[in-house]
Amino acid sequence: MKRRTSRHRPRPVSALAVAVLLGTGLAAPAARAAADGPQREDRLTDLVNPFIGTENEGNTYPGAAVPFGMVQFSPDTGHNTGYDYSQDHIRGFSMLHLSGVGCGLGGDLPVLPTTGDITSTDNATYAAGYRHDDETASPGYYRVGLDSGVQAELTAGRRTAVQRYTFPATDKANVLVNAGQSLHRTLHTKVEILDNRTVRTAITGSGFCQDTKPYTVYTITRFDRPFTTSGTWKGADVTDGSKTSQADAERNGAFVRFDTTKDRTVEATTALSYVDAKGAALNLRAEGGRSFGQVRRAARDAWEDRLDDVRVRGGSTTLRRTFYSSLYRSFLAPNIGSDVDGRYTGWDQRVHRAEEFTYYQNWSLWDTYRTQTQLLSLLAPHEARDMALSVIRIDKDSGWLPKWGYGTVETNIMTGDPVTPFLTNAYQQGLLKGHEEDAYRALRRNADGVPPADSAPVGREADKEYIADGFAPYIKGRPHAKPGDSDYDHGASATLEYALSDAMLGQMAKELGHRADARRYTERARNYRNIYDRSTGFFRARDASGAFTGPADPARSEGFHEGTSWQYQWLVPQDLPGVIDLIGGRAAADQRLDSFFAYDRLVADPARTAREVWVNGPYDYYNADKYNPQNEPDLIAPYTYLSTGQPWKTTDVVHAALTLFTDAPTGMTGNDDLGTMSAWNVLSSIGLFPVQPGTDTWGLSTPVFERVDVTLDRRYYPQGRLTVRAPGTSGSQRYIRSARLDGTPYGKTYLTTGQLRRLRDVSFQVGSTPSSWGTGTDAAPPALK
């Protein structure tokens, strides 16, 4: 998906906030902010920079949220995903955002404080100017000074957004509540002014790269004091005193006005629900009644508690900031979808109730199944279990498992079968106890069939051909049966993704005693061989007749989703020994890997190679024969060297790729995709990476920190902690010379989750040159059988 790429030179976020406040006469708000709680340098939240990734299409957001919260309260500057650091006007502070998505999504109910008469209902026109030197953000908190003289502060609870505005002295201090504009298509809105403190809305929207089934979000906003006047608008017509306004595909909103000549501060709490107005009211009752400062402290404490599960020692301040900022973004999604009473709207658009678990939504599975899924299984297993149960519930409610879900609907964005490794990972990590067979039945139906024509999901769209012929055909120009992406447009990569999923499902079937299924899926996992073109030595798309199609040059191949044959050739984690044999053995595979990573140039200048050879542009996925660290198909690729007997090269590539993560707005490598890239950074920095997504295998590489202490949930990891040590690790001292597990020498390049549950200490001795560690015949992660 091509998008505009900003080349605006990033301006650093200034630490002059207090001075600016005093200089503009806002000493009282500054004092109030200080009363919310002092800043302490030993807090891990102080190491997080929410502005990382807000420029050059990282598509992150700097606003306020709590871990996995329903609300993401953040400024929108006009970018299709919300906030772009290079822009200088804010159109509103809206309630819903997803970190790092590539298409317009969310942005519902932008609110903006203004002063004076209301002359426009279009947020592009009434947008407020601002400067970055009067803007700050930290986990759970955002503040900006607007050119209008208003200071805006945002914080959030689990299902609520809390705002505090400090106005100049005026009798026309307004808050605009815009129900009719968002980052995607708005279909229908309703706005009600319930009393002199309360505004209620219902917003129905659709879209994410294309139209989807509609979803509705209900909101209720309660101000801390009465308005002096209020009104609504429909289109460009503003009506004072109107109580209700409805619109179909037309701007619709409300304004409320306050007299701030004496009391200059206005606070409000907005509660959300995807169920109904009652749900929003219940969520407001559960979380409302607290001051802005109380909510801000609670949000900060929630983040501090979450980040404190990983304590690192060593490394520069910049390295620690990029690490903890990535860890922060890894916990932003999926998001709570059920109300405080457990009700949620299912994918059948009916109301259900989640009992004994929290229902989650927002599933960027094609991205997250490779990194973030495993990180959450390790660091947040209780929430990860509820997330897996939520995906199973989607199947129960709607009849099919999801592919890429937003809110209460399927978008069908991306291809393949990402839900299978997502759920088999949950199974392998022990998160599905009591629900194994429910999950297996849903996965079996998904793997062996195609959703009915009258349902929203496309599922494994090319499954009929894949099962019959052993590959998904690439059929150029085939009309899409349903909105979203089509596996037929990307038959080659869909074949690889299906085969990966079959391998993971075969493992699960075998362990659950479904022996015939296990044999069938394990055999299907070898279908990747059916698209290997021996004449080119690479995977290649096949058409409906079975003939290889598209350019023979693997750098210009067709039928691969967001990549080329060069980049997809390593996406066979279930059987890398088999792929290496196809290529011609370890020596041939090493030669190809060295070319792919530009290894000779990499060793000479890692950071420059990463930026000038690997990275072409945020959405430049095609016509390349080199590693693309910005996109999902290559996330596992650096760890392929573990299977060729050269594990030190994995460290070289990983550490070079880590230089792409910086403490600046441009410091994200590609779209974050709901924590996918951030989780890659976290796992690779620790030195534990899920090299076979969907099962329990973790590859080893050199950590970038001398010591990492991980606190683990004793319900899943009885020892309660894990320490990873690499004394002296640095850019020059980065090669593993030996490893020990709880003091015992260890020569393999991988661990299993079973080992992690018993371990307390993983220690590496590092040096300046490669060694023979990890080169033994049984050192590499084994193929699944």
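Start by selecting Pro334, in the loop between α6 (317-330) and β19 (335-336). Keep in mind that this is a predicted model. Look at the peptide bond leading from Ala333 into Pro334: it's cis, with omega near -5°. Most peptide bonds are trans, and most residues other than glycine have a negative phi.

On to the backbone angles. Select Asn59, in the loop between α2 (27-35) and β1 (74-76). Asn59 isn't a glycine, yet its phi is positive, at about 60°. Asn59 is also buried, with a relative accessible area of 3%.

Now jump to Leu674, which sits in the loop between α20 (647-658) and α21 (676-686). Here too phi is positive in a residue other than glycine, near 55°. Leu674 is buried, its relative accessible area being 3%.

Next, pick Arg257 in strand β16 (residues 252-258). What is the nearest side chain of opposite charge to Arg257? That's Asp117, 4.6 Å away; Arg257 is buried yet has no salt bridge, because a salt bridge has to fall within 4 Å. What Arg257 does have is a polar contact of 2.7 Å, side chain to side chain, with Asn174. Show its other surroundings too: beyond its sequence neighbours within four places, Arg257 is in contact with residues including Gly116, Asp171, Phe227 and Thr229.

Last stop: Leu741, in strand β32 (residues 735-741). Leu741 is buried, at 11% relative accessible area. Draw a C-alpha to C-alpha distance from Leu741 to Asp761: they're 20 residues apart in sequence and 5.9 Å apart in space. Among the other contacts of Leu741 are Tyr746, Leu751 and Val762.

Definitions and conventions. Residues are numbered from 1 along each chain as its sequence is written. This is a predicted model: local features need pLDDT of at least 70, side-chain atom pairs count only at pLDDT 80 or more; totals for chains, interfaces and linings use all residues. Side-chain values use heavy atoms; hydrogens and water are left out. Helices (H or I, at least four residues) and strands (E, at least two) are DSSP runs, numbered from the N terminus. Buried means under 20% relative accessible area, exposed over 50%, partly exposed in between (1.4 Å probe, protein chains only). Lys and Arg count as positive and Asp and Glu as negative; His and the chain ends are not counted. A polar contact is a pair of N or O atoms within 3.5 Å; within protein, one must be able to donate a hydrogen and the other to accept it, and residues adjacent in sequence count only if both atoms are side-chain atoms. Contact means heavy atoms within 4.5 Å.
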